[in-house]
Structures are given as structure tokens and as C-alpha cells.
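Grab a pencil and work through these exercises with the model open beside you. Try each task before you read its solution.

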Amino acid sequence: MKCRRCEEQAVVEVRHAHAAYCPTCFVERCREQVSRAIGEHRMIRSGEKVLVAVSGGKDSLAVWDLLLDLGYPADGVYLGLGIGGYSDRSGDCARAFAERRGATLIEIDLASEVGFTIPQAANTRRMPCSACGLAKRHLLNKTALDHGYDVLVTGHNLDDEVAVLFGNTLQWNMPYLARQRPALPESSGFARRVKPLVRLTERETAAYCVIRRIDYIVEECPMASGNRHLLYKELLNTLEERDPGAKATFLNGFADRVAPLLDDLAAQERDSVGTCSRCGSPTTAEVCAFCRLRDQATRPPRRRKKRRRDRSVH
Ligand code: SF4
Ligand code: ZN
């Protein structure tokens, strides 16, 4: 296989683009795709303070590396989830990357910050990944606001976005569908949240890290079993195998044809947001979902109450 651009030996095939690339041209392509996503969705404006949510995995380290190389002076934030050796090793990867690039890394420890770890939150009625996602969204947003950042960047890639879209579509979860955008604007209590990797697949971010010699945590989180998005990803990978480009077509079709129809619903959702009576975070309930999770995670097991559904905006 020859590189589509320079005709040198190709090392990465991008099937959905019907192309293959040599290492240099592949890195260049990744930068172009990220630049294009940032420009198309006006993710980051000149002079803004940028914070990258870094997990130590391939996607968050790739997006941080790409932003730095594109000239964005981005800092990172690492949230220690307290998942034993997995958290230790992912923290090491985040720290090693920050040191190598001379970048600032803010570290937050869930246990010392809020009094519980993800394994403790898994003892509540929420699924571990649901509790983890809620804690991450709450604390990363709070960190961005407390430190005066304009934009919070996450490493969600094309596969992540397609899996979430597939899940929300299966359940016809209209409020979640209305919020599914590559860039969510800043609003009262929220920093702008953006996903510059939305045009790159998981395979591409892994290849990027290998070519750029970025050490990332390869092992899967031990609490991931039962995560429905992993099942959706498997199903979608089977589809993509048979029909290369199907994922991008699904996601782009939603963005172009469906998301604009949900603009009013998205605005209604934003308008219905108030503040949590305990922590001041945005929520549609009296007490936000995160405060309730903390109550459950730190309460002695026998006194835990049943989980209630709510319309918290976390
Ligand atoms: Fe959190 Fe689940 Fe991801 Fe583990 S797999 S880090 S529990 S969201
Ligand atoms: Zn709260």
C-alpha cells in the first residue's frame, strides 16, 4: 500500500476514507481533521483558555497532543477515580505526557474532593459507568469554571459519538439527542464543552499515539463490564466491517438533518435549568444528581434508598 499523499510506504489504512497514509502524512491528516472540526463548530476562539479532560487513555492524550501542536496553549485536568491499580497507571500516563510536553496538569482526587471513589459509587443503584460519568461531568465542569477556563475539551472520538447516538436513538431519548453536538455552548453554570476528535475514529487515535510514541493506558477499566456502549460499539464495528463509512454516514446524517430540528428542544432544556440548592450546580431538580449520588455513595449500605429518576442536566 502506498501513501495517498506522498506515495511512500503506507502504515495506516483509513478504510472509511478509502485511503492509506505513511506516518508523516497520517499525523498531518489527524491535525487537519481536528482543525476542521474546531473551525466548523467554532469550538475554540483565539485567546481562549483551554482545559483538556485527560484520562490517561489514547483519545484524551491524542487530543491534548494535537491541540498543543496546533498552537493551542491547552492545560490538562486528571481526575483520580480511585479504581485501584488502573487509576494509578492511568495517572502515571497523564503525568508522563504532561512532563514530556512541558504542559500544566491539574490533578483532582475524587476521594479527597468529594469523599467517595468510583468503586464506592458502584454500590449505589446507579451502574458504575453511569456514576462515573456523572462524577466526571460534574467535577470537570466545576474545575473548568473554578479555574477560569473558557472551554473544556474531551477526547470523545467518532466511535464514541456514534455509540452514544445509537443508544439514544434506540431509546428515543429526545432530550439527550437534542444535546448531542460536537460543541455544546457555554451557558449558565456550564463551560463550553467540545469534542475535537469527532472526525477521527478510535483506530485512528490509537495509530496516532503509536506513531507519536505517546504512552497511554491500554488495559480496559475493570469496572467497564455491563457498559452498554461497549455492546453498541461491537455491533457498530460489525456493521462498519461490512459497510465501511456507515458510522460516519449515521453521525453526519444526524448532525445535518436531525439535530437542527431539535434546536428548540435544546433551548427549552437550557431554559429549564436552575441551580442545586446544595452545591449551586445546574440542574432541573431541587438537588442535583451529583449531590444525590454523593449522599448514596457515602451512606451506610443498609440505609440507602431506591434510586429515583430525575431530569438532572448532568
Ligand atoms: Fe468510569 Fe466506566 Fe470509564 Fe471505568 S469504564 S472509567 S467506570 S466510565
Ligand atoms: Zn448539587
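How many residues line the second largest pocket, and which of them lie nearest its centre?

First, a word on the ground rules. This is a predicted model, where local features need pLDDT of at least 70 and side-chain atom pairs count only at pLDDT 80 or more, while totals for chains, interfaces and linings use all residues. Residues are numbered from 1 along each chain as its sequence is written, chains are lettered from A and ligands numbered from 1 in the order in which they are written, and side-chain values use heavy atoms, with hydrogens and water left out.

**Exercise 1: the pocket**

Task: Answer the question above, then describe the lining.

Solution. Step 1: the second largest pocket has 25 lining residues, and Glu40, His41, Pro182, Val198 and Ala255 lie nearest its centre. (On a 1 Å grid over the protein atoms alone, a pocket is an open set of points where a 1.4 Å probe fits, with protein on both sides within 12 Å along at least five of seven lines; lining residues have an atom within 4 Å of a point.)

Step 1: which elements give two or more residues to this lining? They are helix 1 (23–40), helix 7 (158–170), strand 7 (183–184) and helix 11 (246–258). (Helices are DSSP runs of H or I with at least four residues, strands are runs of E with at least two, and both are numbered from the N terminus.) Helix 11 provides the largest share, 6 residues.

Step 2: sort the lining by class, and you get 11 nonpolar, 5 polar and 9 charged residues. (Ala, Val, Leu, Ile, Met, Phe, Trp, Tyr, Cys and Pro count as nonpolar, Asp, Glu, Lys and Arg as charged, and the others, Gly among them, as polar.)

**Exercise 2: the zinc site**

Task: Find the protein donors of the zinc ion (ligand 2) and name the geometry of its site.

Solution. Step 1: the donors are the SG atoms of Cys276, Cys279, Cys288 and Cys291, lying 2.3 Å from the ion. (Donors are N, O and S atoms within 2.8 Å of the metal, or 3.2 Å for Na, K and Ca.)

Step 1: along the sequence, these donor residues follow the spacing C-x2-C-x8-C-x2-C.

Step 2: the angles among the 4 donor atoms run from 107 to 112°, and the site is tetrahedral.

Step 3: are Cys288 and Cys291 buried or exposed? Cys288 is buried because its relative accessible area is 0%, and Cys291, at 1%, counts as buried too. (Buried means under 20% relative accessible area, exposed over 50%, and partly exposed in between, with a 1.4 Å probe and protein chains only.)

Notes: Four donors count as tetrahedral if all angles lie between 85 and 135 degrees; four count as square planar and six as octahedral if opposite donors are over 155 degrees apart and all others between 65 and 115; anything else is irregular.
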